[in-house]
Amino acid sequence: MAKRSPVRPVDPRVLAVEVVDAVRRQGRSLSQALPRAERQLEPGPARALLRERVYGLLRYAPRLDAWLDALVTQPLRARDAPVARLIQLGLYELFFLRTPDYAAVNEAVRLAGLLGRPWAARLVNGALRNAQRREAELVAIAERVDTARFAHPEWLIDRVRADWPEDAEAVFAANNARAPMTLRVNLAMTDVSAYADLLHGAGIAASPGLYAPDSLVLAQSVDVEALPGFREGWVSVQDEAAQLAAGLVNALPGQRVLDACAAPGGKTAHLIERAGGKLDVTAVEIDPDRLVRVSETLERLGLQAQTLAADACLPETWWDGKSYDCILLDAPCSATGVIRRHPDIKLLRRASDIEATVLRQQALLDALWPLLARGGRLVYATCSIVLDENTHVVDRFIQTHADAIEWPIDADWGRAMARGRQILPGEGGMDGFYYACLHKAGT
C-alpha cells in the first residue's frame, strides 16, 4: 500500500480498495494487510466500515469478477487494478449493501481521485450506471455461472462437491456468511458466568457457546477494545471449534506438552488456562514473525510457555530428548474450513497446494510421533474440510505405525469419520475443523 501523509484524512473506502489490492495483486494474506489499515483509523464506525467492505469484496470476489467482465469490456492495465477494485466496491455497495444509488456511485467516482487516478472517474461512473441499468442481466450471471453463483473458485467448488456431495451448497453458503464473534474466557482469571455479567454490564449481549464450555458468543461483533478486561487477559477471541482442541488434548497440571505449529497462540494459551497455568508447554512455530504473536498472546494473558522458532519437522534441531505427555499438532492446511473468517483463501489458494500440504502434514506426524511418551496422546487438528488432509492423512499414519491407536472422540459436535471427527463450516455455528486423537501404545 502506498505511504500516506499522517496529516491527511484517511478514507476507509480507499483503505478497503488498497487492502483488497494487496491481497489480489501482491498475494498478501488478509491477516497481514488488514491490521495495518485498521491502525490508521480510530476504533468504531470507520473500522467497521472498512472491515465490512474488505470482507465483502473478498467474500464475493468471483461474482464481482464476473460482473466486472460483463461491464468493462476493455481490459485495464495491471497497474490500474485499483480501478477494478473501486468499480467492484461500487457494485458491492449497490447490490449487497443496498446503499442508495446516488451515494454509492458518487462516492466511488470521488474515490478515483483519492486513489491517484482521476482519469478513471468517468469509467467508474459509466460502469456503475451501466450496472444499474443491467441489474437483471447481472443477476442472471450470478444464477447461471457456478463460480459467480457460489462465489468460490472453480477448483474449490469441484473439491467440495467431490468430498461432500450432499453438503456442498450448505458449505458454500456458510463460507459466504458473516462469522460470529466468539470469546474464550480465561479460566485462570475468571469464569464464564462472571464474565457474562461483565459483558451485560457493558451493554454487550452474549450467550454461552453450544459445545465449548469456556465460550461466549456475542450477538454482534465489537471492537476488542470494547471488551471488559481484554487488555488484562480476561478473555480472547476464538471460535468454538478451535476451543475444542484443548479439551481433546486434556493435559493435566504438571504434564509436559508440545504445541507444534503454535501461532498465533490461542490454543497454546487455552491449554495452559485449563490447567490453571501449571503446564510445562513448549510452543514451536516455524515463522519467527508469527512466533512473536504467540509470545504477545501469552504475555497479554499472563501465561508462561517455552517458545521456539523452529521447524517441527526437524526435532533434532530443537528437541531436548525428554518425551511429551501430550502433543497438539495443529497442522498447516488449506484452511478451507475457515473461509468465512479468511475469505482471501478463495483467492490465494490453488488446487495444487493440497498435495504439498498433505506431504507436510504426513512429515509432521512422522517427525513428532517419536517425541510422544508411551501412553501419551497426540491430537491432530486442521481447519480444513478436505478429506485428503484429514481422515486420509490419519489413516495412512495409523496404517504405517503399529503403536498408533485411534482414540475415538465421543462428542455431540461434528460428524464421525472413518478416522477422527469433522465439523463442516457453519455446523453448530462453528468454523470447519477436523480432529483425530491418537494414543501411543506401551502402557
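Lys-346 sits in helix α16, residues 345-348 (helices are DSSP runs of H or I with at least four residues, strands runs of E with at least two, numbered from the N terminus). This is a predicted model, where local features need pLDDT of at least 70, side-chain atom pairs count only at pLDDT 80 or more, and totals for chains, interfaces and linings use all residues. Residues are numbered from 1 along each chain as its sequence is written, and side-chain values use heavy atoms, leaving out hydrogens and water.

**Around Lys-346**

- Lys-346 is buried (under 20% relative accessible area, 1.4 Å probe, protein chains only).
- Lys-346 has no salt bridge (a side-chain nitrogen of Lys or Arg within 4 Å of a carboxyl oxygen of Asp or Glu); Asp-344, the nearest side chain of opposite charge, is 10 Å away.
- A polar atom of the Lys-346 side chain lies 2.6 Å from the backbone oxygen of Arg-59, and one lies 2.7 Å from that of Ala-151.
- Leaving aside residues up to four places away in sequence, Lys-346 touches residues including His-152, Pro-153 and Asn-176 (contact means heavy atoms within 4.5 Å).

**The sheet**

- Four strands make an open sheet, ordered β2-β3-β1-β4 with antiparallel pairing (two strands pair if DSSP finds at least two bridges between them).
- β2 (206-208) and β4 (235-237) are the edge strands, each with a single partner, so one side of each has no neighbour in the sheet.
- β2 pairs with β3 (residues 215-218) over 3 bridges, in the antiparallel sense; Pro-208 has Leu-216 in β3 as its bridge partner.

Key:
Buried < 20%, exposed > 50% of the residue type's maximum accessible area, 1.4 Å probe, protein only. Lys, Arg positive; Asp, Glu negative; His and termini not counted. Polar contact = N/O pair within 3.5 Å; in protein donor to acceptor, adjacent residues only side chain to side chain.
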